[in-house]
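Reader: Can you walk me through this one? I'd like to start with the contacts.

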Amino acid sequence: MLLNYKIIYSARKTIALEINQEGLTIRAPQRTPKEVIHNLIKEKESWIDKKLKNWESKKLQNNNLYQNTTNQIWLKGSQFNLRTDSNVNDYLIQDNNKTILFNNNFFEFDRLYEKELSTYIRPKIILFSQKLQVEVNTIRIKKLKSRWGSCSSKKNLNFNLSLIKTPTFIIDYVIAHEVSHLKEMNHSPAFWEVVESIYPKYKEAKIWLKKNGRYWIN
Ligand SMILES: [Zn+2]
């Protein structure tokens with residue numbers, strides 16, 4: 001007999017069994033007697049068992065995956081150790097000991113990258129665009145294969161998801177570069193003057209990207 005399950009009572013008419021990574025959840029109408037639920041579990045025992053075992057093996061596979069391939073990730077130029085922690089809500093970045101705690105075996109690291117990059121770039125884009133008195137339409141973060149960012153004639157800015165892995169002086173440069181295109185849609189000397197006006201250290205960043213960029217882009 002199964003011991004661990006969760007019952008959620010609500011204004012519904014039928015009982016439903018749900019199995020996911022957290023185990024068995026029973027959704028039942030208000031005031032359903034425990035006995036009715038117990039009988040149902042007993043009746044469906046082999047089905048429940050099979051489903052739970054499926055999830056268990058998926059969890060195991062996933063854990064192995066993390067152990068083998070993603071014990072560490074890069075964020076803003078620093079390496080962080082990864083650790084699962086069921087007490088954490090979604091994920092928690094501990095800058096002091098360079099650790100990321102995350103909940104759930106099915107955690108999506110791309111989501112973390114996107115959230116962190118978005119949080120980092122938005123205020124900088126506002127700052128640079130105010131300095132240049134240009135307007136930005138939409139900001140998108142995408143998986144891009146060969147570029148760190150782009151700017152369209154419709155004033156849309158795109159940034160590579162992997163940018164969040166690189167040091168902040170690189171992220172800042174890419175933001176400055178793309179925002180500058182809102183003023184100069186080319187790579188003329190006039191464009192580089194605009195870049196320099198909002199990001200004086202741009203040459204350093206360009207050298208870094210030329211040397212290291214391709215190792216970081218994916
Ligand atoms: Zn450019």
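Reader: What share of the contacts with a separation of 6 or more comes from residues 24 or more positions apart?

Author: They account for 45% of those contacts in the chain, a contact being two residues whose C-beta atoms, placed from the backbone, lie within 7 Å. This is a predicted model, in which local features need pLDDT of at least 70, side-chain atom pairs count only at pLDDT 80 or more, and totals for chains, interfaces and linings use all residues. Residues are numbered from 1 along each chain as its sequence is written.

Reader: Where does pLDDT stay under 50?

Author: Over residues 65-69, for which the model has one contact beyond four places in sequence. The chain averages a pLDDT of 89, and 93% of the residues score at least 70; pLDDT is the predictor's confidence in each residue, from 0 to 100.

Reader: How many helices and strands?

Author: Six helices and 10 strands, taken as DSSP runs numbered from the N terminus (helices H or I, at least four residues; strands E, at least two).

Reader: And why is the chain more spread out than a compact globule?

Author: Its radius of gyration is 25 Å, well over the 17 Å that the globule rule gives for 218 residues, so the chain is more spread out than a compact globule. The radius is taken over C-alpha atoms, and the rule is 2.2 Å times the number of residues to the power 0.38. The C-alpha trace spans about 80 × 40 × 30 Å along its principal axes.

Reader: Which residues have the most contacts inside the largest nonpolar core?

Author: L117, F159, L163, V174, I175 and A176, in a core of 24 residues. Such a core is a set of buried Ala, Val, Leu, Ile, Met, Phe, Trp, Tyr and Cys residues joined through C-beta atoms within 7 Å. Buried means 20 or more other C-beta atoms within 10 Å of the residue's own.

Reader: Which elements give two or more residues to this core?

Author: α3 (109-132), β10 (157-160), α4 (168-180) and α5 (189-198). The largest share, seven residues, comes from α4.

Reader: What does F159 touch?

Author: Leaving out residues up to four places away in sequence, F159 touches L117, I121, I141, G149 and V174.

Reader: Switching to strands. What is the order in the open sheet of three?

Author: β1-β3-β2, with mixed pairing; strands pair if DSSP finds at least two bridges between them. β1 (5-10) and β2 (16-20) are at the edges with a single partner strand each, so one side of each has no neighbour in the sheet.

Reader: How do β2 and β3 run?

Author: Antiparallel, joined by five bridges. E18 has T25 in β3 as its bridge partner.

Note on methods: Buried ≥ 20, exposed ≤ 12 C-beta atoms within 10 Å, placed from the backbone.
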